[in-house]
Amino acid sequence: MAEKKPAKMSDADLKFFEEMLLEKRRQLVAAQNDSEDANVFQSQKNQSGDTGDPNSSEFASDVNALETNFKLADREGKYLVYLEEALTRIRKGTFGVCKVCKKLIPKARLIAVPTATKCVNCKEETKRKERDEARMEMAKIFAEEQRKEMLRKQAGR
């Protein structure tokens, strides 16, 4: 009986996705640089003594904008890591292969989510298991709280 060859994307498809990922990385790095330039400007403004009244709505707006920028930077940083991991998988020839079932991930999914490591079915199954585990953990916590409450009531008799 012949051994089944592992799933692998064609070289043309790997090249297509490599170019897509490199462009996404380039855009992300450019956007981060633009954001850093804006932060340097704001920092220089603040150092010049123009910090504004901490009770003003403009100050609150600046603080909210800063928090949003930090969250976006964190998210973009994580996405940049995912892009790099996907590029590594391309170099290894494992890009586009589901890490669970080892089948090819449909191209439409990879176009929508080029950093995907699981096919839709395996991703949904993973999420379902995570939800079930979270529910079980919450049930355990609730049961333990109920047990403690019952013991407190019994001790109070």
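Two residues are said to be in contact when they have heavy atoms within 4.5 Å of each other. In this predicted model, local features need a pLDDT of at least 70 and side-chain atom pairs count only at pLDDT 80 or more, while totals for chains, interfaces and linings use all residues. Residues are numbered from 1 along each chain as its sequence is written, and side-chain values use heavy atoms, with hydrogens and water left out.

The chain contains four helices and zero strands, where helices (H or I, at least four residues) and strands (E, at least two) are DSSP runs numbered from the N terminus. Of the 157 residues in the chain, 18% are buried; buried means under 20% relative accessible area, exposed means over 50%, and partly exposed lies in between (1.4 Å probe, protein chains only). Among contacts between residues at least 6 apart in sequence, 61% join residues at least 24 apart.

Leaving aside neighbours within four places in sequence, Gln 32 is in contact with Ala 73, Glu 76, Gly 77 and Leu 80, and Gln 32 counts as buried because its relative accessible area is 19%. In helix H2 (residues 57-92) lies Thr 88, whose C-alpha atom is separated by 9.7 Å from that of Glu 18, a residue 70 places away along the chain.

Side chains of opposite charge can pair when their charged atoms come close. A salt bridge is a side-chain nitrogen of Lys or Arg within 4 Å of a carboxyl oxygen of Asp or Glu, and by this rule the count comes to 10. The table gives some of them.

| Salt bridge | N to O distance |
|---|---|
| Asp 13 and Lys 107 | 2.7 Å |
| Arg 128 and Asp 132 | 2.6 Å |
| Glu 144 and Arg 147 | 2.6 Å |

The bridge of Asp 13 and Lys 107 links distant parts of the chain, since Asp 13 belongs to helix H1 and Lys 107 to helix H3 (residues 107-112), 94 residues apart. Asp 13 is buried, with a relative accessible area of 17%, whereas Lys 107, at 44%, counts as partly exposed. Arg 128 and Asp 132 are separated by about one helical turn, because they stand four residues apart in helix H4. Glu 144 and Arg 147 are likewise separated by about one helical turn, being three residues apart in helix H4. Furthermore, Glu 125, Arg 128, Asp 132 and Arg 135 are linked in a network of salt bridges.
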